[in-house]
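Me: I have just opened this structure and would like a guided look at it. Could you take me through the main points?

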Amino acid sequence: MTFRLGLRLAVAGGQESLLRLAVTAFGVAVGVVLLLLCLTGQSAEQGRAERSGWQSADAGTPATAPDPALFLTVTDYHQGTAMIRGYVAALGPRPPVPPGLERLPGPGEVAVSPAMRRLLQSTPDDELDDRYPGRVTATIGDEGLAHPDQLVALIGRTPEQLGEVTSRSLYRVRGFGSLPSGYAFYQGIRVLLLLGAVLLLVPVVIFIVMASRVAAASREQRLAAIRLVGATRLQAAVVAAVETGLGAVAGTALGWAGYEVGRRIVAATVTFQGARFFVEDIVVAPWLLALVLAGVPLLATLTTIVALSRVQAGPLGTSRQGRRPPPSAWRALPLAAGIGGLLAAAPLRRVVDRETGENLDNLAPVFVILTIVGFVAIGPWLCMLAGRGLARVSRRVPGLIAARRIASDPSATFRAVGVVVLAVFAVTFSASVVEASEDGPVDGGRGVLRPGVVEVITGGVPEAKVAPLLSERAVATRPGFAGEFVESCAGLARVVARPCSSSGPAEVGVAERAGLAGAGLPISVVYIPTDGTPAAENRVRTQAANLVPNALIHTQRDRIDTDAFFFSSLEQLQRLVWYFVLLVAACSLTVGMLAGVVERRRPFALLRASGLRLGELRQIVLLETAAAMLVTAAVGVGLAMASSYAFAVFGDLKWTWPDGGVFAMVGVGVLAALILSAMALPLLDAVTRHDAVRYE
Amino acid sequence: MSRILVGDDLHRSFGLTRALRGASIILDEGEIVAVMGPSGSGKSTLLHCLAGILTPDRGEVHFAGRRIDQLPDRERVHLRRTVFGFVFQFGQLVPELPAVENIALPLLLAGRRRRHALAAAAPWLSRLGLDGLGERLPGELSGGQGQRVALARALVADPTVVFADEPTGSLDSVAADQVMELLVDAAREQGTSVLMVTHEPRIAAYADRTVLVRDGVDALGLAAP
């Protein structure tokens with residue numbers, strides 16, 4: 001019965017109750033869209049890794065077919081973009097087949113990805129097509145590609161042709177597995193994405209909680225009216241819960257629909273590691289989707305009930321249960337435990353055995369999460385300090401009211417600004433980690449190529465095999481007992497910046513040795529200068545690939561891309577996260593402002609009637625937000641750097657200050673969130689007009 | 001006594017509802033006038049038009065000989081914050097400000113230094129029987145105490161006219177009498193005019209004169225003395 005009354009009040013209570021329901025539903029819907037999108041990160045990267053896993057199959061890949069096949073893949077480049085060039089030769093009638101294909105390409109046949117097919121059609125034959133000898137007979141389906149733009153070609157060969165290739169990368173395989181060979185690397189990305197998701201989840205959940213509380217003030221008035229006619233506290237709570245639950249269920253459904261649209265937009269527009277995603281990758285696991293769809297309405301309903309427990313809804317009206325005790329410095333305990341845990345575990349890791357070390361490694365995410373939770377816990381305390389500080393220095397009414405508001409309910413204030421502050425924390429933290437990671441070696445110790453030079457790493461082949469590449473200007477290095485040798489260091493310096501010793505064996509790099517050509521040593525690397533045009537480089541690449549199929553071929557452009565790719569992708573991801581969180585933050589701030597205004601509609605309207613200017617009311621609302629946000633954001637930057645330092649110490653990474661660009665990004669982001677949220681200010685005029693002064 | 005506030009032939013509609021239909025009223029300096037009438041008769045609308053919160057659709061409002069209903073909003077706001085004081089039925093106190101700061105609010109709005117504004121507000125606490133309650137938040141005060149704080153806030157800036165809209169509407173009779181006695185005493189002491197809307201004859205009895213409003217007009221023709 002009470003349930004039905006709640007339903008009736010929610011949907012048949014006239015325009016105002018419908019509007020309230022719509023506001024709650026809209027807020028929850030936005031939260032659900034953002035929540036689901038932030039949960040897709042992991043599955044997106046996982047999907048890529050699993051579908052492209054066959055491209056790094058090796059002898060250890062579990063068997064799926066009765067007959068084996070020879071398999072070799074090489075990472076190639078076209079104008080800086082990576083391409084997978086694979087060679088395959090069946091060793092029996094029933095060889096394994098990679099995903100995305102119905103059968104292995106036979107000798108003289110080539111299977112290509114759709115993007116590769118388009119590239120081949122638009123590029124001159126001597127620059128690219130000739131690199132894939134044979135006739136294109138099949139298209140690799142999506143289930144064998146990391147992403148829609150991946151460039152893959154699988155060339156069919158006879159066993160004899162492939163048998164000529166002397167490479168440790170040529171495998172006899174009986175299956176094409178689904179996990180990439182560098183799975184630990186992907187696991188690393190997954191941990192990063194998991195941490196990112198945790199950092200994103202907290203703001204989104206806060207936002208959903210806030211959205212479900214926008215209409216709290218007017219709901220409390222109605223509850224008093226229900227109590228007046230004899231409803232018990234429990235019945236009043238059920239009515240409120242039904243009303244919020246209904247809004248949340250509608251919002252969740254709306255959010256789910258919005259997510260279905262949103263994930264298509266993300267797939268079409270967002271790139272990571274230089275490529276778009278398949279729509280099927282931007283998807284939440286069914287159990288996670290079910291959890292969100294059931295959990296969000298539950299969370300919203302629980303929030304209402306908890307909020308109601310702090311309100312005395314009596315027959316004559318509602319009142320807060322007195323002043324809540326102000327937050328104390330004890331709240332810093334989890335934060336101290338998180339940062340302290342990382343710092344304390346770092347030296348322990350160096351002295352304990354490997355197994356204990358791994359256990360300690362597993363604790364790292366726990367300490368990071370503890371740090372984040374700790375930061376959320378001290379947020380209200382920081383807001384309270386900000387409020388008291390502002391009250392002390394305020395000389396004008398807007399500042400004073402804003403300061404008192406912050407200090408009287410610092411938890412509510414932090415809820416409003418918490419998302420921005422958490423975003424600031426997350427960006428600063430991740431920027432420090434990225435900066436720290438970038439200090440590692442990046443060029444693999446092979447030196448930096450001069451512009452226009454093509455480097456062909458053969459792995460050691462007879463001179464005759466690469467003779468066509470050995471033009472007058474080409475430079476070759478040959479392996480010896482004590483490193484690599486070159487005819488002339490001066491000649492090498494023209495093609496690559498690499499340490500070269502002209503007097504005796506080099507400790508690092510290459511040593512000069514005259515008369516190498518007649519020594520019969522194999523050739524390990526050939527550097528071929530070109531005129532620097534992509535066409536000339538591609539022609540050399542094609543020639544080299546046909547001579548030594550397993551050769552690794554680079555140009556300066558490729559090397560730069562390769563080295564910086566992962567980190568630039570991480571930076572791109574970081575920027576993406578920042579924009580995402582900024583969006584959540586702006587929504588949260590807007591909802592926070594909205595809730596603050598709606599809650600104080602009457603006193604604000606009466607103050608306005610008494611002569612307070614609209615501009616002064618706006619200042620109050622803006623100051624409440626800005627003061628708390630600036631103080632907590634500033635502290636957040638400091639704490640994020642402290643946390644990232646502790647993380648760097650724990651992970652044996654070199655910690656560096658985030659550069660000025662990061663601080664600028666944070667500053668502009670905070671300002672942008674504030675400006676976006678100021679869009680709620682026109683509402684202040686509407687809700688404090690004459691209507692709100694009347695009692696009826 | 002000179003006329004301080006005059007409302008002449010005031011009309012005001014809200015959509016299809018005609019709240020005022022030619023109401024007229026005069027308030028003299030230092031005079032306390034009660035506006036009475038049944039619910040929905042337009043008495044609050046009349047008060048809001050006279051105070052410059054609303055502008056009438058037709059008719060004129062004069063304050064101290066100056067027509068104010070045609071002033072731009074900015075100037076009407078200035079009037080309300082400098083020469084008018086307000087007491088409403090409930091909910092007018094800023095919930096986050098302690099009582100003493102709520103009282104000091106008009107002085108702070110007028111640009112007085114905070115220290116001076118609080119010093120000027122403090123005597124009102126004892127004057128209205130609120131000793132020791134200055135640091136309490138509105139939510140920690142009883143209804144009567146809250147209305148006394150509102151009263152102090154309305155009078156602290158020494159306004160020319162206090163507009164009181166059902167000032168005792170949410171109080172029991174004992175608290176209502178206390179508030180009215182304080183309002184009348186303070187107004188008399190300061191020479192402040194009071195225009196008070198009420199539907200209780202007992203409260204109206206505190207006034208020098210009563211105007212009865214019915215269906216948007218002054219029903220008994222007692223608008224002018």
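This is a predicted model: local features need pLDDT of at least 70, side-chain atom pairs count only at pLDDT 80 or more; totals for chains, interfaces and linings use all residues.

Me: What are the ipTM and pTM of the model?
Reply: The ipTM is 0.78 and the pTM is 0.63.

Me: And what is the mean pLDDT of chain B?
Reply: The mean for chain B is 87, with 96% of its residues at 70 or more; pLDDT is the predictor's confidence in each residue, from 0 to 100. Residues 220–225 of chain B have a pLDDT below 50. Beyond near neighbours in sequence, that stretch has 11 contacts in the model, a contact being two residues whose C-beta atoms, placed from the backbone, lie within 7 Å.

Me: Turning to the sheet in chain B, in what order do the strands run?
Reply: The open sheet of chain B has 4 strands in the order β2-β1-β4-β5, with antiparallel pairing. Strands (E, at least two residues) and helices (H or I, at least four) are DSSP runs, numbered from the N terminus, and two strands pair if DSSP finds at least two bridges between them.

Me: Which strands stand at the edges?
Reply: Those are β2 and β5 (66–67) of chain B; each has a single partner strand, so one side of each lacks a neighbour in the sheet. Helix α1(B) packs on the sheet, where it touches β1, β2 and β4 (58–63) of chain B. The direction of α1(B) makes about 125° with that of β1(B); angles run from 0 to 180 degrees between N-to-C directions, and axes are lines fitted to C-alpha atoms, for helices over the stretch in contact.

Me: How many bridges join β1 and β2 of chain B?
Reply: Strand β1(B), residues 3–14, and strand β2(B), residues 17–28, pair in the antiparallel sense over 9 bridges. B:His11 has B:Arg21 as its bridge partner in β2(B), and B:Arg3 stands opposite B:Asp28. The two strands form a hairpin with 2 residues between them, and B:Gly15 in the turn has a positive phi of about 65°.

Me: How many residues of chain B are in contact with chain A?
Reply: On chain B there are 25, in contact with 26 residues of chain A. α3(B) gives the most to this side of chain B, with 4 residues.

Me: Moving to chain A, at what angle do α11 and α17 pack?
Reply: Helix α11(A), residues 397–408, and helix α17(A), residues 614–650, pack at about 45° with their axes 8 Å apart. They are therefore oblique to each other; under 35 degrees counts as roughly parallel, over 145 as roughly antiparallel, 65 to 115 as roughly perpendicular and the rest as oblique. Among the residues making the contact are A:Ile401 of α11(A) and A:Leu623 of α17(A).

Me: And how does α10 of chain A pack with α11?
Reply: α10(A), residues 354–393, packs with α11(A) at about 155°, with their axes 7 Å apart. These two helices are therefore roughly antiparallel to each other.

Methods:
Residues are numbered from 1 along each chain as its sequence is written. Chains are lettered from A and ligands numbered from 1 in the order in which they are written.
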